[in-house]
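Subject: A structure for you to look at

Hello,

Here is the structure I promised to pass on. Please open it beside this email and follow along as you read.

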Amino acid sequence: MDWWWCWDTTSPYASWASSELNDSDLESRFRSGDVRALARAISMVERRDPSVRVLEESLRAQRRAPGVVGFTGAPGTGKSTLVDGVVALLRKKSSSVAVLATDPNSPFTGGAILGDRIRMQRHALDPKVFIRSMGARGHLGGLSLATREAIRLLGAFGFDEVILETVGVGQSELEVAAVAGTTVVVLTPNLGDGVQMIKAGILEIADIFVVNKADLDGHVRVMTELRSMLSLAPRGQIWKPPILATIAAKQEGIEELWAAVLAHRDHLESSGRARELAEQRLKDETGEVAAEIARNRVRRALDEEPALAERLLDEGTPYNTAEEILDRGRQI
Ligand SMILES: Nc1nc2c(ncn2[C@@H]2O[C@H](COP(=O)(O)OP(=O)(O)OP(=O)(O)O)[C@@H](O)[C@H]2O)c(=O)[nH]1
Ligand SMILES: [Mg+2]
């Protein structure tokens, strides 16, 4: 697998590189296809550094929207192995591809790889493949905001496809579904008590189900149970999520999986759903951005004005205090 080694800013080499790359260089380096400039911009997005906006704005004209596919599922279901297979397939088709592995439990990583979560081979430097992990603990809603911005940067950089991998814990799969065009939910035959074990909410977000590890006993049972569960789902849905079997470890079923992704993409376009989704998501994102701006403004005021903070403690009125600060408008 030819995966571009993502920029690990925890390495001494990376700190040399980021200090060497100053802000005024960033745009020209980015435009010239310097992957370090891309990595740097994504780090800025990840730590919610507003100075990246200048770059984003100047790149707006050249932005192309990449295809975005999300993979989610319980730990160890084989997401990374599947993504590895999909990347290989896309490279055969000459598409460029970026992989963002998000971990909702990590603080922002600055591009560091999360343990062995990502199956990555450092040897082959394929400039058409870019991989990095993202985390954003401590930034409320920050992960999906950062992911959306990172996807835009990757599109402007010229990537055809973006693949998101996230461990299905907490709200993370919902966040992935809110960002991806197509969401692939990965299950395995060893589901404990069977399909009932599937977390609530997962049926709704799946555009495609993959039962990976189809070399293990029980995969037919899981597929059958899943099929009957889906048949109980409310009618009227035009897209019926396919249920595919894969053996990612042997690269089996990857072509079929990608064909299903393309079929879903076609469906979104031809049904007009793609446009609706884009509109809805931009509205949602604008709401999240507004919340972020408001939160920062309030925190700053409380940090900078001890009298205000003191009164808040005395009176215990967070609503009034928040409103008062926000009513001041943009002056502070
Ligand atoms: N038997 C079998 N094992 C597989 C298959 N695909 C992946 N595995 C193994 O399952 C384990 C987990 O694979 P990963 O690809 O790291 O799984 P993951 O879902 O990305 O894991 P996290 O990122 O930690 O949630 C590894 O030991 C893989 O070799 C498969 O098709 N069959
Ligand atoms: Mg993984």
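Which residue in S5 does phenylalanine 71 stand opposite? It is valine 184.

Before going further, a word on the ground rules. This is a predicted model, in which local features need pLDDT of at least 70, side-chain atom pairs count only at pLDDT 80 or more, and totals for chains, interfaces and linings use all residues. Residues are numbered from 1 along each chain as its sequence is written, chains are lettered from A and ligands numbered from 1 in the order in which they are written, and side-chain values use heavy atoms, with hydrogens and water left out. Helices (H or I, at least four residues) and strands (E, at least two) are DSSP runs, numbered from the N terminus.

The sheet

An open sheet is built from 7 strands, with parallel pairing, in the order S3-S2-S4-S1-S5-S6-S7. Two strands pair if DSSP finds at least two bridges between them. At the edges are strand S3 (129-134) and strand S7 (243-245), each of which pairs on one side only. On average, neighbouring strands are turned by 20° against each other, direction ignored.

Now look at S1. Parallel to S1 runs strand S4 (residues 161-167), joined to S1 by 7 bridges. Glycine 67 has glutamate 161 as its bridge partner in S4, and phenylalanine 71 has glutamate 165. S5 also runs parallel to S1, with 5 bridges between them. Because 7 of the 7 residues of S1 are buried, S1 is largely enclosed by the rest of the structure; buried means under 20% relative accessible area, exposed over 50%, and partly exposed in between (1.4 Å probe, protein chains only). Gly67, Val69, Phe71 and Gly73 cover one side, while Val68, Gly70 and Thr72 are on the other.

Where is threonine 77? This residue sits in the loop between strand S1 (67-73) and helix H5 (79-92). Threonine 77 is buried, at a relative accessible area of 5%. Apart from neighbours within four places in sequence, threonine 77 has contacts (heavy atoms within 4.5 Å) with Val186, Leu187, Thr188, Asn212 and Lys213.

The aromatic rings

A pair of aromatic rings is described by the distance of the centres and the angle of the planes. Rings of Phe, Tyr and Trp (its six-membered ring) pair if their centres lie within 6.5 Å; planes under 30 degrees apart count as stacked, over 60 as edge-to-face and the rest as tilted. By this rule there are 3 aromatic pairs. In one of them, phenylalanine 30 and phenylalanine 157 have ring centres 5.2 Å apart and planes at 85°, so the pair is edge-to-face. These two residues are 127 residues apart, with phenylalanine 30 in helix H2 (residues 23-31) and phenylalanine 157 in helix H6 (residues 142-157). Phenylalanine 30 is buried, at 2% relative accessibility.

Phenylalanine 130 and phenylalanine 159 make a tilted pair, with 6.2 Å from centre to centre and 40° between the planes. Phenylalanine 130 belongs to strand S3 and phenylalanine 159 to the loop between H6 and S4, so this pair ties together parts that are 29 residues apart in sequence. Both phenylalanine 130 and phenylalanine 159 are buried. Ring pairs link Phe30, Phe130, Phe157 and Phe159 into a cluster.

Happy exploring!

Note on methods
Axes are lines fitted to C-alpha atoms, for helices over the stretch in contact, and angles run from 0 to 180 degrees between N-to-C directions.
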